[in-house]
Amino acid sequence: MTDETVTTDESVSTESEITPEIDPDPASASDLESDQPSAATTSTDRNGTTESAGFNTTESSVGEAIIEARDINVWYDDVQALTDITMDIPEQGVTAMIGPSGCGKSTFLRCINRMNDLIDAARVDGDLSLAGKNVYDSDVDPVALRRRVGMVFQKPNPFPKSIYDNVAYGLKIQDVDGDHDEIVENALRKAALWDEVSGRLDESGLELSGGQQQRLCIARAIAPDPEVLLMDEPASALDPVATSQIEDLIDSLAEEYTVVIVTHNMQQAARISDKTAVFLTGGELVEFDDTQKIFENPDNQRVEDYITGKFG
Amino acid sequence: MATDTNTNTNTETASGFGEVSRIRGVVFRYVLLVATLSGLVSLGMLLTNVAVDAIRPFSADPGWYATYLVAFLCPSVLVGLFLYSNNRDALAVGVEGLFVPIAGLFGAGTLLLLFEAIAFYVWFAWIAAIAVPALVYAGCRALDLSTRTRTIAVLVIGWIALLGVPVSRFVAVPDTLPLTIESIPSHVLTLLVLGIPEYIQFHVLTIPNRYLTYLFTLALPAALYMGHRVRHKESWRFGLLTSALVIIAALSVVFQIVLPPGTVLILVLAAAVPTAYYVVMTIRHRPDVRIGLLFPAVIVVGALLGRALVWLLGMDGPTAWIDMAFLTSTPSGMPKTTGINPALVGSLLLMVVVIASSFPLGVGAAVYLEEYAPDTWYTRFIQLNISNLAGVPSVVYGLLGLGLFINLGGFSGQTVSIAGTTVTLSGLPAGSLLAGGLAISLLILPIVIISSQEAIRSVPDSLRQASFGMGATQWQTIKNVVLPRSIPGILTGTILAIGRAVGETAPLIMVLAADFKVTPPTSLFDKTSALPLQVYNWAFLPDEAFRHGVLAAGVVTMIVVLLSINSIAIVVRNKYETEQQ
C-alpha cells in the first residue's frame with residue numbers, strides 16, 4: 001500500500017449532490033474519458049508486486065451464488081432503467097459492476113436490498129433471490145431484508161451523532177444482543193478506523209475527514225454483521241489516498257462478506273474485484289465474468305470498446 | 001428624499017470608452033435605503049416615546065444620573081473598551097456571563113408568576129405522582145428489563161399513581177384519616193383508590209409548606225442535574241460536591257428574612273446556581289478568556305455601588321410607571337397603585353396552553369405531511385390550504401374558537417341521552433384560559449406546521465437513506481434521525497410563533513376574555529385576562545395618567561416579554577448550530 005501508484009485517472013468526483021441515491025443515475029457528473037485499459041494492466045499492484053498485472057487473481061476462491069437475479073426489469077415511470085438482468089453473484093469475494101453513467105448499475109444494486117421501494121416512481125419486475133429466497137416475494141419485509149444487507153453510499157453520510165452512536169445505530173434499531181462496546185470496537189477495527197478514533201468515540205462523526213467518514217459508514221454497515229455488503233461508488237467522492245485506504249479495506253472485508261461494489265473507475269474494479277459485470281447504456285448487462293477475463297479478453301466487442309475507451 | 005428619477009445624463013463623450021450612466025441605479029439604491037429606514041425609524045420613535053412615558057427619565061435628580069455615571073457606566077464602558085481592544089473572545093465570554101444571570105432572573109420571575117397561579121400543594125401532589133412512574137422507569141433501566149416489561153410497568157404504575165386503581169373508584173374511603181399507626185392500612189387503601197394527587201391534596205394532613213414544596217420538587221432535581229453535568233465534565237467527586245452545594249444553597253435561604261423563602265429559593269436555583277456554574281467552568285476550563293468575566297463583575301458591582309450611593313446620598317431616581325410594584329399588584333382605579341400582575345400571569349399561562357396544544361399538533365402534522373403523506377392531489381390540497389390558513393385574519397380564528405370551544409358548534413346546552421343517561425353538553429366557560437389558549441393555538445398552528453415542515457425538509461435525504469439502508473423502519477428513522485436533526489429549526493419556528501401569539505388580541509376578545517380582572521386565573525376553566533387586553537382597557541380610561549403613563553408601562557412590559565421569547569429562539573438556534581456543525 002505504501003508504494004501504491006496513485007494514477008491520475010482516479011475518478012475523483014467533487015460533486016456534492018445531496019440526494020444521489022434518489023437519482024437513477026447517481027454519478028452522472030463523474031468523468032470517465034480518462035479511463036484507459038493500458039493503465040489497468042500496467043499499474044502497480046497494491047502489494048508492490050506486478051506479476052499479477054494489477055488483478056486480484058482469486059477467482060478460484062469464489063463460492064456458491066448467494067444472489068441470483070433472474071430477468072430483472074426496472075422502470076422509473078416510463079423509462080426502463082434495467083432490461084432483463086440475469087446474473088449470479090457468488091458468496092464472498094468482491095463483485096464489481098462497471099459501466100457508463102445512467103446504465104443502471106446503481107439501480108441494480110438498490111434492487112438487492114429493495115431500496116428502490118423508497119422511490120415512488122420505481123417499478124421492479126423479475127426474481128432476485130438472496131440466499132435462496134426471492135426478496136420480491138410478497139411475504140418479504142423489506143426492512144427485515146435490509147437488516148441482512150449492509151449498504152455504503154457514494155457520499156459519506158454519517159449521522160450527526162457521536163462516532164460511537166453512528167456505529168451502534170444498527171445495533172440499536174435492530175435490538176442486537178451482546179456487548180455493544182465490543183461490537184462497535186470490532187466494527188471500527190475491521191473498518192481500519194479504530195486506531196484513529198479510539199480516544200474520541202464521543203465526538204461527532206461529522207468532525208472526521210471525508211475518507212474517515214466513509215470508513216465510519218462502512219463500520220456502521222458491518223456492525224450488525226450483514227451477509228452482503230453493497231457499496232455504491234464508495235470512493236468516488238474521496239481523494240486518492242482515502243480511495244486506496246477504502247480499497248484495502250474492501251479487500252480485507254471480502255474475506256468475510258460478500259461485497260458488491262458499483263464503480264466508475266475501471267482500475268478500481270480491476271484491482272479489487274473477483275468478478276466484474278459490465279452494464280452498458282440502456283440498462284443491459286452485457287458481460288459478466290471473472291475480472292481478469294473481462295479486462296484481458298472480453299467476449300463482447302462493445303465491452304472491449306468500452307474498456308479500451310473507444311466509447312463510454 | 002431623492003425622487004428626481006428623470007435625471008439622466010447623456011453619456012456621449014468624445015474619446016476613450018465613454019461612460020455609462022448609473023444615475024437611475026444610484027437613485028434607486030437610495031430610495032430603497034429610505035424605504036428600509038422609514039419603517040424602522042418611525043417604530044423606533046414610537047417605542048422611544050412609549051419608553052419615556054413609562055420610565056419618565058426626566059423625573060430623576062441630576063445627581064442620581066451623575067452617581068450612576070461615575071459608579072456604573074464609566075467603569076463598565078472602560079472595561080468593555082479594554083477587552084474589546086485586547087481580547088474580543090474574552091469580551092464575548094463577558095457578555096455571555098452577563099447574559100446568564102439576567103436570563104436566570106427572567107426565568108425566576110416567570111416561574112414565580114406561574115407559581116402564583118398554581119397552588120403549591122397541587123403542584124407538590126402532581127410532581128409526587130409523576131415522580132413515581134419516573135422512578136419505576138429508572139429502576140427498570142437499572143435492572144435491564146426488556147422494553148415491553150418496562151413500558152407495561154411504567155404505564156400501570158403511572159396510572160395507579162396518577163388516577164388510582166381503576167375499579168376501586170367504587171370503594172368507599174373515609175373522608176378524614178388520622179395520622180396514627182393503626183390508620184396506615186386505610187391510608188394505603190385511600191392512596192391506591194384515589195391516586196397520589198388527590199390523596200395528597202385531601203388526606204395528608206401535614207402538607208409541606210411552600211418552601212418545602214419547592215425544596216423537594218425544584219431543588220432536588222436541580223441538584224441532581226447539576227451534579228450530573230459536573231460529573232460528566234469533571235469527576236464523580238466534583239459532581240457529588242456540586243449536588244451538595246446546590247442543596248446547601250437551597251437550605252441556607254431559610255435563614256433570610258427580606259423575601260419569602262420560597263421566592264428566594266427560586267431565585268437561587270434559577271439565577272445564582274447557573275451563574276456560579278458558568279463562572280467556575282469558565283475559570284477552570286478557559287484560562288485564555290477568563291479575564292472577560294471582569295466585564296459582568298464590574299457591571300454588577302457598579303450597579304450595586306450606584307444603588308448604595310444614591311441611597312446614602314438621598315437622591316431620587318425616576319418615578320417610573322413601570323416598576324416591581326406595577327408587575328406584582330392587581331389593576332385598580334388608581335393609576336399610582338394599579339398593576340398588571342393578573343394580565344401578565346394570564347398571558348404566561350395562555351402561552352403554556354398554546355405551547356401544550358399547538359406544538360404536538362403542529363409538529364405531528366408536519367411530520368405526517370413531510371414523511372408519511374404520499375404525493376397526491378389531496379395532500380397538495382391540504383398543503384395549499386395550510387399556507388392559506390396562515391393568512392386568515394385573527395378575528396376569524398377568534399370566531400372559530402368561540403363557535404367551536406364555547407358553543408360546541410351550537411350544541412352547547414343541549415341534552416343528549418346515551419345508553420339511558422342524559423348528559424347536558426356544555427362548552428368551555430367563556431373567556432376561560434383553555435378557550436383563549438386553544439383559540440390562539442388555532443391561529444398559530446399553520447405557522448408552526450409550515451416552519452416545522454421547513455425544518456424537516458432541510459434534513460438531507462442522504463441521512464434518511466443511510467437509516468433505511470441500515471434496516472430502520474420509517475418510525476425509527478423519524479425518531480432517531482429526522483427529528484433530532486430538525487428539532488432546532490422546529491423550536492425556532494415555534495418560539496417565534498409563540499412570540500406572535502403573546503400579542504394577539506382579537507381571538508381573546510372574541511372568546512370573551514376579560515380586559516380587566518383583579519385575580520390571575522387559578523384553573524384552566526377560570527376566566528383570564530391578558531396583556532394586550534389590559535393595555536386596550538387602559539387606553540380608554542378617562543384618567544390622563546392611565547392613558548399616558550400606565551398604558552406605556554403595559555406596552556413596555558408586553559414588548560419585554562416578546563423580546564425575551566424571541567431571544568430564547570435565537571439562543572436555541574445558536575446553541576444547536578454550534579453543536580451540529
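**Chains, contacts and salt bridges**

Modeller: Chain A exposes about 12,200 Å², and carbon and sulfur atoms supply 44% of that area. Keep in mind that this is a predicted model.

Colleague: What percentage of the residues of chain A count as buried?

Modeller: Chain A has 11 helices and 10 strands. A residue counts as buried when its relative accessible area is under 20%. Of the 312 residues of chain A, the buried ones make up 56%.

Colleague: How many residues of chain B are in contact with chain A?

Modeller: Contact here needs heavy atoms within 4.5 Å. On one side, 27 residues of chain A take part; on the side of chain B the number is 20.

Colleague: Which element gives the most to the side of chain A that touches chain B?

Modeller: That side of chain A divides into 16 nonpolar, 4 polar and 7 charged residues. Four elements each supply at least two residues: α3 (142-147), β6 (149-152), α4 (163-173) and α7 (210-222). With 4 residues, the element that gives the most is α4(A).

Colleague: How many salt bridges does the rule find across the interface of chain A and chain B?

Modeller: The area buried between the two chains is about 2,000 Å², with 60% from carbon and sulfur atoms. Between chain A and chain B, 8 residue pairs are in polar contact. For salt bridges across this interface, the count is 0.

Colleague: How many residues apart in sequence are the parts that A:Arg271 and A:Glu247 tie together?

Modeller: The side chains of A:Arg271 and A:Glu247 meet in a salt bridge, 2.8 Å from N to O. A:Arg271 lies in helix α9 of chain A and A:Glu247 in helix α8 of chain A, so the pair links parts whose separation in sequence is 24 residues.

Colleague: Is A:Glu247 buried or exposed?

Modeller: For A:Glu247 the relative accessible area is 0%. The cut-off for buried is under 20%. A:Glu247 is therefore buried.

Colleague: Which helix holds both B:Arg464 and B:Asp461?

Modeller: B:Arg464 forms a salt bridge with B:Asp461, and the closest N and O atoms are 3.1 Å apart. B:Arg464 counts as buried at 10% relative accessibility, whereas B:Asp461 is partly exposed at 22%. The two residues are 3 apart, about one turn of the helix, and both lie in α17 of chain B.

Colleague: How many of the 9 residues of helix α17 of chain B are buried?

Modeller: Among the buried residues of α17(B) are B:Leu463, B:Ala466 and B:Phe468. The helix is mostly covered, and its buried residues number 8.

Key. Residues are numbered from 1 along each chain as its sequence is written. Chains are lettered from A and ligands numbered from 1 in the order in which they are written. This is a predicted model: local features need pLDDT of at least 70, side-chain atom pairs count only at pLDDT 80 or more; totals for chains, interfaces and linings use all residues. Side-chain values use heavy atoms; hydrogens and water are left out. Buried area is the accessible area (1.4 Å probe) that two parts lose on being put together, summed over both. A salt bridge is a side-chain nitrogen of Lys or Arg within 4 Å of a carboxyl oxygen of Asp or Glu. A polar contact is a pair of N or O atoms within 3.5 Å; within protein, one must be able to donate a hydrogen and the other to accept it, and residues adjacent in sequence count only if both atoms are side-chain atoms. Ala, Val, Leu, Ile, Met, Phe, Trp, Tyr, Cys and Pro count as nonpolar, Asp, Glu, Lys and Arg as charged, and the others, Gly among them, as polar. Buried means under 20% relative accessible area, exposed over 50%, partly exposed in between (1.4 Å probe, protein chains only). Accessible areas come from the Shrake-Rupley method with a 1.4 Å probe; for residues, only the protein chains shown count as cover.
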